[in-house]
Amino acid sequence: MNNKLMIKIISKILMVEGLLLLLPSLVGFYYKEINDAIIFALVGLITMAITFILSKIKVNDNKFYAKEGFIIIAVIWILWSLVGALPFTLQGYIPNYVDSIFETVSGFTTTGSTILTDIEHLSKSMLFWRSFTHWIGGMGVLVFVMAVLPLAEGGTIFLLRAEVPGPSVGKLVPKAKKTAMILYSIYFVLTAIEVVFLLFGKMSFYEALLHSFSTAGTGGFSTRNASIAAFNSPYIEYVISVFMLIFGINFNIFFYLLIFNFQSIYKNEELKYYLSVIVFAVVTITINVRGQFDTLEEAFRRALFHVSSVITTTGYITFDYNVWPSYSKFIIVLLIIMGACAGSTGGGIKVSRILILFKEIKLKIRKLIHPRAVDIVNMDGKKVTNDVRYNVMIYIILYCLICVVSILLITFDNFDFETNVTAVLTTLGNVGPGLGIIVGPVGNFSTFSNFSKIILSLDMLIGRLEILPVIFLFSPSIWKSISSKRKVINAEKEIKK
């Protein structure tokens, strides 16, 4: 492996986190939270100092490959979480460092699960950092850094593919850096628009900004214990519902809008399926829960908000859907599993993978009836390659296996079946709340053991990075194969010289 280059890239990216930690420090100074401001500044400056020294390592080979890209991604996300958790523990808001890591991993992976029982106890600077982790993690740590910082001469597309969620990732324009800049520009503009809309709902600028961070990243951290319900505003609920749905759409769609490529939008099957599922879920849940609300409008609003929140894996709440009928809760679980569109800030298995799976099932049934039928799966009028089809099947199998193993491991805490299953589904899908009293919409993860919190934190990372980077990181055989491959390549270069 190109260890020196990997250390250099990791150091540069970690240096950016050190710089970002100065933002909550400024917030702390503005609100006269001096101790918190100093803690953020110290952690940020020390991180920048250490990583600046490491980034000066001399590198002869500036290229890296796919497997190395996966490992870099996994290491960076773990280190960002470990460093980002420090202010919570050092300032005493979350004394247990494992809890701080859980909260920070939940932030960066845009999961929104929390161990906090009193969110409003946090200072404004801590709340800012907590929500800001959603915004950075939503589009991707690496995508953000690539948009503002040169990393390496070759191989940056491997970083983009390793981090941006979905069954396949390509570049919007020839250069990966420009793709990252386009994605973050769209992301920034949409976030700013939401801030404006929330200000019209009489939110303060501070709370509008933080809730926009959480909505854009589809994370769900709020400044209030009661989440969005605390504002008691139908207008705010509708605004956030719409923006959650927007951020659950593949960002390529917004790029097509900018270049007036309406034909590609019209052909996009994932978008059609995503919107169809939302309409079906909202309508049927509205009918199912109508008797629990005074008006049809309120039933519709609650259904729309929570369907939007769950399918986009944001995790905001305005009502305890634990008291909804079984049908509605079952739909909620299905949406937790499916998630949003590929290339969005949402989590879950992704709509495109579910769509390809359905097409595969339909094809296999057809081939049973007509053995000579052509073995082709199409998406958006184009053939889905065999590699993508195979990768989708493997991903779903691995997703199910990780679910089973994780549920088995956390059962040692002796919680009920519903709690264990939905705790894993909601963390692996980067959703936030599950079902039941403990991890449901009005619950939290504080009662889990440290061991279970570590397992669930890994699930959040696995879900956000879509399995492979974390598997690569903890697979010594893959490390050896990368080293062997690079030795062969270097030997061939020497022979050519």
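Does Thr 284 count as buried or exposed, and at what relative accessibility? At 18% relative accessibility, Thr 284 counts as buried, because the cut-off for that class is under 20%. The model described here is predicted. The protein has 497 residues, of which 58% count as buried. Its secondary structure consists of 23 helices and two strands.

**Overall contacts**

- Contacts between residues at least 6 apart in sequence were sorted by separation, and 72% of them join residues at least 24 apart.
- The structure holds 29 aromatic pairs.
- The count of disulfides comes to zero.

**Thr 284 and helix H14**

- Thr 284 is found in helix H14, which covers residues 269-289.
- The side chain of Thr 284 reaches the backbone oxygen of Phe 280, at 2.8 Å.

**Nonpolar core**

- The largest nonpolar core has 135 residues.
- Helix H4 (residues 66-90) gives the largest share of this core, with 12 residues.
- The residues with the most contacts inside the core are Trp 80, Phe 251, Tyr 274 and Leu 335.
- Leaving aside residues up to four places away in sequence, Leu 335 touches Val 277, Ala 281, Val 307, Val 310 and Ile 311.

**Helix H6**

- Helix H6 runs over residues 124-139 and has 16 residues.
- From its first C-alpha to its last, H6 reaches 24 Å, close to the 22 Å expected at 1.5 Å a residue.
- H6 is mostly covered, with 15 of its 16 residues buried.
- Gly 140 follows H6 and has a positive phi, near 125°.

**Aromatic pairs**

- Phe 108 and Trp 129 form one of the aromatic pairs, with ring centres 6.0 Å apart.
- The planes of these two rings stand at 85°, so the pair is edge-to-face, a class that needs over 60 degrees.
- This pair links distant parts of the chain, since Phe 108 lies in helix H5 (residues 97-108) and Trp 129 in helix H6, 21 residues apart.
- Both Phe 108 and Trp 129 are buried.
- Phe 445 and Phe 448 form a stacked aromatic pair, 5.6 Å centre to centre and with 25° between the planes.
- Phe 445 counts as buried at 2% relative accessibility, and Phe 448 is buried with a relative accessible area of 3%.

**Cysteines**

- The sulfur of Cys 400 has its closest cysteine sulfur in Cys 403, at 6.5 Å.
- Cys 400 is partly exposed, with a relative accessible area of 42%.
- Cys 341 is buried, with a relative accessible area of 2%.

**Ser 55 and its loop**

- Ser 55 is found in the loop between helix H3 (34-54) and H4.
- The relative accessible area of Ser 55 is 6%, so the residue is buried.
- Leaving aside residues up to four places away in sequence, Ser 55 touches Lys 8, Ser 11, Lys 12 and Met 15.

Methods: Residues numbered from 1 in each chain as written. Predicted model: local features only at pLDDT ≥ 70, side-chain atom pairs only at ≥ 80, totals over all residues. Heavy atoms only, no water. Helix = DSSP H or I, 4+ residues; strand = E, 2+ residues; numbered from the N terminus. Expected span 1.5 Å × (residues − 1). Buried < 20%, exposed > 50% of the residue type's maximum accessible area, 1.4 Å probe, protein only. Polar contact = N/O pair within 3.5 Å; in protein donor to acceptor, adjacent residues only side chain to side chain. Disulfide = S-S within 2.5 Å. Core = buried A, V, L, I, M, F, W, Y, C linked by side-chain atoms within 4.5 Å. Contact = heavy atoms within 4.5 Å. Phe/Tyr/Trp six-rings, centres within 6.5 Å; stacked < 30°, edge-to-face > 60°.
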